[in-house]
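Subject: Structure for your review

Dear colleague,

I am handing over the structure below, and my notes on what was found in it follow directly after. Please read them alongside the coordinates.

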Amino acid sequence: MWESIQSMCLHVVFILFTILIYQVFFNEREEKRKRIRSKFFLFMLIILIFTMSQPVYYFDIYKYDFKAVAIILSFLYGGKRAGFAAFLALLVIGAFTDQKLLILFGNYTVFCLLLLPVTSLYHRYRIKGKVILISLFYMMIPITRGIFLQIKGDNRQTLFELSSSLIILATLIAIIYLIENMNEQIEMKQELIRTEKMNVVSQLAASVAHEIRNPMTSVRGFMQLMQKEELTKEQQLYISISIEELDRAQEIINQYLALAKPQTNQYETIDLTSVIQQSIDVMHSYAILNSIQITQQVEPSLEIEGLKLEIQQVLINIIKNAIEAIKSEGEIWISAAKNSNGFISIKIKDNGVGLTEDQLKKLGSPYYSTKEKGTGLGLTVCHQIVKQMGGQIMIKSELKKGTCFTLNLPSKK
Ligand code: ADP
Ligand code: MG
């Protein structure tokens with residue numbers, strides 16, 4: 001038995017080493033969105049070939065190997081196609097190394113079919129949930145095998161079966177931790193590079209934007225003067241369009257500057273209830289223009305720490321989006337209340353067009369806009385401001401039904 005366990009350990013080392021090589025040298029370059037992550041599959045193939053051609057023997061008749069690990073990993077990290085490719089590879093290798101091909105085929109067909117729902121569940125959990133899910137799933141194999149052996153009255157390998165399953169499970173868990181941790185690091189690195197790029201670009205652009213604003217203001221002034229002259233109807237129209245477009249450009253620049261502005265201002269205590277009221281008042285005429293009713297339910301004397309203008313900008317941006325999502329005839333519900341956990345929840349709900357899941361993911365990334373004249377900066381600014389205040393924005397949406405923005409802001413102690 002000792003010898004068998006030793007050779008099992010050899011498998012463990014081989015598998016861990018293979019995965020490590022993949023993670024270190026190939027993972028970062030392989031795109032996640034690819035339909036088959038071919039390099040990952042290739043590494044799984046190497047593991048399958050090794051573990052199936054050099055199985056661990058116990059009493060010279062019982063064979064143990066790690067093919068289940070390779071199959072599980074192919075499904076989890078390679079995608080469904082890689083999983084089934086690994087399954088086919090398993091059958092091909094099995095044809096050369098295993099005498100009981102039919103049993104292998106039967107067992108692993110069931111195994112793969114059960115793995116499918118587990119795979120889709122898997123990616124929803126955090127690392128601990130993942131480990132628990134896979135452990136439960138994997139234990140299915142030794143348990144069914146154990147029951148089967150008990151029925152056959154074969155007790156000789158029970159102990160070894162138990163210890164080998166534990167070794168395999170431990171390997172699997174170690175690999176999951178290894179992959180998840182390294183993936184997390186890679187993501188963090190990419191995020192860091194991205195924000196660093198954004199920083200430089202936004203600093204440069206902020207100074208340019210600032211320079212553009214001044215000449216634009218004088219152009220707008222002269223346009224307005226010109227409007228007062230005796231002009232033909234057409235000329236009047238051209239000028240008013242020009243002014244509108246200038247205003248639009250101005251708004252883009254303002255939003256942009258808000259985004260890139262260095263944050264040095266001191267926070268102060270603000271009366272959130274009245275800020276919400278003011279924001280609603282500001283947007284009131286825009287709402288009426290689109291025949292939209294705003295209903296509100298705001299608790300009195302809510303207080304937070306922050307900058308009044310900033311939080312007002314957040315509220316106006318979100319309410320404006322809600323109005324634009326409805327287009328015409330609809331209702332917006334605004335509520336604010338203090339939670340038991342020290343946060344103030346502001347909800348802004350509309351019954352507008354709503355969003356698809358895909359759109360929901362892109363929401364808040366700079367320049368993402370579905371509007372013809374949109375800037376796609378409004379929500380980016382909101383996210384940044386709220387994050388800085390130690391709060392959070394959550395968005396729920398259903399296509400054609402409406403969208404609900406929830407702002408959670410830390411209440412003043
Ligand atoms: P903009 O309003 O200039 O397009 P935003 O950053 O404010 O930029 O919003 C980005 C996009 O998010 C919008 O173009 C719109 O598609 C979507 N969006 C925002 N709020 C809502 C909402 N309440 N309902 C539906 N879609 C919304
Ligand atoms: Mg907007």
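Lysine 400 lies in the loop between S8 and strand S9 (402-410), where helices (H or I, at least four residues) and strands (E, at least two) are DSSP runs numbered from the N terminus. Its phi is near 70°, a positive value in a residue other than glycine, and at 74% relative accessibility lysine 400 counts as exposed (buried means under 20% relative accessible area, exposed over 50%, partly exposed in between, with a 1.4 Å probe and protein chains only). Most residues other than glycine have a negative phi. Glutamate 329, in the loop between helix H10 (308-326) and strand S6 (330-338), also has a positive phi, near 60°, and is exposed at 61%.

This is a predicted model, in which local features need pLDDT of at least 70 and side-chain atom pairs count only at pLDDT 80 or more, while totals for chains, interfaces and linings use all residues. Residues are numbered from 1 along each chain as its sequence is written, chains are lettered from A and ligands numbered from 1 in the order in which they are written, and side-chain values use heavy atoms, with hydrogens and water left out.

Strand S8 (residues 392-398) holds serine 397, which is partly exposed at 23% relative accessibility. Its contacts (heavy atoms within 4.5 Å), not counting residues up to four places away in sequence, are Gly354, Leu355, Leu360, Gly402 and Thr403. The C-alpha atoms of serine 397 and glycine 354 are separated by 5.5 Å, although the two residues are 43 apart along the chain. A polar contact of 3.2 Å joins the side chains of serine 397 and threonine 403, and the side chain of serine 397 also reaches the backbone oxygen of glycine 402 at 3.4 Å. A polar contact here is a pair of N or O atoms within 3.5 Å; within protein, one must be able to donate a hydrogen and the other to accept it, and residues adjacent in sequence count only if both atoms are side-chain atoms.

As for the cysteines, a search of the whole structure finds zero disulfides, a disulfide being a pair of cysteine sulfur atoms within 2.5 Å. Cysteine 404 is buried, with a relative accessible area of 13%, and cysteine 112 is buried at 1%.

Best regards
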